[in-house]
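Here is a friendly walk through one protein model, from its overall make-up down to a handful of single residues. Have the structure open as you read, and follow along.

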Amino acid sequence: MEEVHKTHQAIQSLDKSISTLQKELATTQSSHEVRRTDESTPSHEDSQRKKAFIVIGINTAFSSRKRRDSIRQTWMPQGEKLLQLEKEKGIIIRFMLGNSATSNSILDRAIDSEDAQHKDFLRLEHVEGYHELSAKTKTFFSTAVAKWHADFYIKLDDDVHVNLGVSFTFAFSSFPFHCLSFIENLATIKVNSIKYMDFVGMLAATLAHHRSKPRVYIGCMKSGPVLSQKNVKYHEPEHWKFGEEGNKCFRHATGQIYAISKDLATYISINQ
C-alpha cells in the first residue's frame, strides 16, 4: 500500500513539473510573438487592424436586452457619441455575443435588428451556452486582438454597474506580472441600484498610467476553499494542485470585470 502511495505521489509530482514547463514554454512563445509583432514590419494582416487605446467587451446573452438597455442609459455612449469616443479617445465599447445553436434563428435575427439600431455589438464565432463562458471569453480576446491593435482589452459582465460610494484604490501584488486590484465592492452586481458616473473616463485615466508596464492585469480578486468533493457544485478535478484537502485556493481573479494589457491578450489568442 505504501508503494502505491509513493507511486501516486511521484505521478503527481511529474504532472506538476510538466504543467509548469508547459506554462513556461507558452509564456516564452507568447513573449516572442508579441515582440515580433511590435518590432517587425507590419504585415497586410496587421495593417487591417485598427489602432485603439482600450477595447471593452461587455459579455451579454440573447435574453439580456433589459441589461443592455440599462447600460446604454447609464455609462455607455450612444450613436455619434460612441463613434466620437472611438475616433477621439481610441476607446471601443461593444456587447460581445456569439450565435445560437440554430443558424439564423429568431434569437439571432432579434440581435441583428438590435445591432442595426444601436451598432454596438461584436459578434463572435461561438455558440452561446452557460457552460461555454470560458471559451466565449477566450474567443472575445482572440477576436478583439485580431480586429484592434489596442493597449488594453477589458471584459465585463452586463450586470456590472459602478458603485459611486467607492473610490479607486490599487494594490500591487508580487505576481510575475503587474497585478492591480480594485478594492472590494468597486463593482456592484445590482441592476436595481444603477448610479451615474464617468466610468469610461476614469477607467481610461487609470489605465493610461500603466501603458508602459508589461503583462498588466487590473481587476477584482478573491480566494476561497478548494472544492475537492466530487458531488458538490464547482468541484475542482485538479484539487491536489492546491495542496492538502481543506486548503484554500490562492488569491485569484474574478470574472465580472477586468482589464489585461495587449501582451496578455495576445498570449490568450495564441494559446486558447
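## Overall make-up

The secondary structure of this protein comes to eight helices and nine strands. Please keep in mind that the model is predicted. Of its 272 residues, 39% count as buried. The protein exposes about 16500 Å², and carbon and sulfur atoms supply 54% of that area. Among contacts between residues at least 6 apart in sequence, 76% join residues at least 24 apart.

## Helices α3 and α5

Let us begin with a pair of helices. Helix α3 covers residues 65–72 and helix α5 covers residues 106–118; the two pack at an angle of about 10 degrees, with their axes 13 Å apart. Angles under 35 degrees count as roughly parallel, and α3 and α5 are therefore roughly parallel to each other. Which residues in α3 and α5 meet? From α3 come R65, R68, D69 and R72, and from α5 come I111, E114, Q117 and H118. By class, this contact of α3 with α5 has five charged residues, two polar ones and one nonpolar one.

## Helix α4 and its two sides

Helix α4 spans residues 80–89, and its buried residues are L82, L85 and E86. Why do the buried residues of α4 line one face of the helix? Seen down the axis of α4, they fall within an arc of 95 degrees, so they line one face. Just after α4 comes G90, which takes a positive phi of about 70 degrees.

Most residues other than glycine have a negative phi. N104 has a phi near 55 degrees, a positive value, and R215 has a positive phi near 50 degrees. N104 has its place in the loop between β2 and α5, while R215 has its place in the loop between α7 (199–208) and β8 (216–225). Are these two residues buried or exposed? N104 counts as exposed, at 52% relative accessibility, whereas R215 is partly exposed, with a relative accessible area of 34%.

At 11% relative accessibility, S100 counts as buried, whereas N104 counts as exposed. Leaving aside neighbours within four places in sequence, S100 is in contact with F62, S105, L107, D108 and V127. S100 and A61 are 39 residues apart along the chain, and their C-alpha atoms are separated by 10.0 Å.

## Residues in two strands

H126 is found in strand β3, residues 121–127, and counts as buried at 10% relative accessibility. What is H126 in contact with, leaving aside its neighbours within four places in sequence? The list is G98, N99, E132, A135, K136 and T139.

A150 is found in strand β4, residues 148–157, and at 2% relative accessibility A150 counts as buried. Not counting residues up to four places away in sequence, A150 touches A52, F53, I54, V55 and K262.

## A208, in helix α7

A208 lies in helix α7 and counts as partly exposed, at 39% relative accessibility.

| Pair | Apart in sequence | C-alpha to C-alpha |
|---|---|---|
| S100 and A61 | 39 residues | 10.0 Å |

Terms used. Residues are numbered from 1 along each chain as its sequence is written. This is a predicted model: local features need pLDDT of at least 70, side-chain atom pairs count only at pLDDT 80 or more; totals for chains, interfaces and linings use all residues. Side-chain values use heavy atoms; hydrogens and water are left out. Axes are lines fitted to C-alpha atoms, for helices over the stretch in contact, and angles run from 0 to 180 degrees between N-to-C directions. Helices (H or I, at least four residues) and strands (E, at least two) are DSSP runs, numbered from the N terminus. Angles under 35 degrees count as roughly parallel, over 145 as roughly antiparallel, 65 to 115 as roughly perpendicular and the rest as oblique. Contact means heavy atoms within 4.5 Å. Ala, Val, Leu, Ile, Met, Phe, Trp, Tyr, Cys and Pro count as nonpolar, Asp, Glu, Lys and Arg as charged, and the others, Gly among them, as polar. Buried means under 20% relative accessible area, exposed over 50%, partly exposed in between (1.4 Å probe, protein chains only). Accessible areas come from the Shrake-Rupley method with a 1.4 Å probe; for residues, only the protein chains shown count as cover. The arc is that of the directions from the helix axis to the C-beta atoms.
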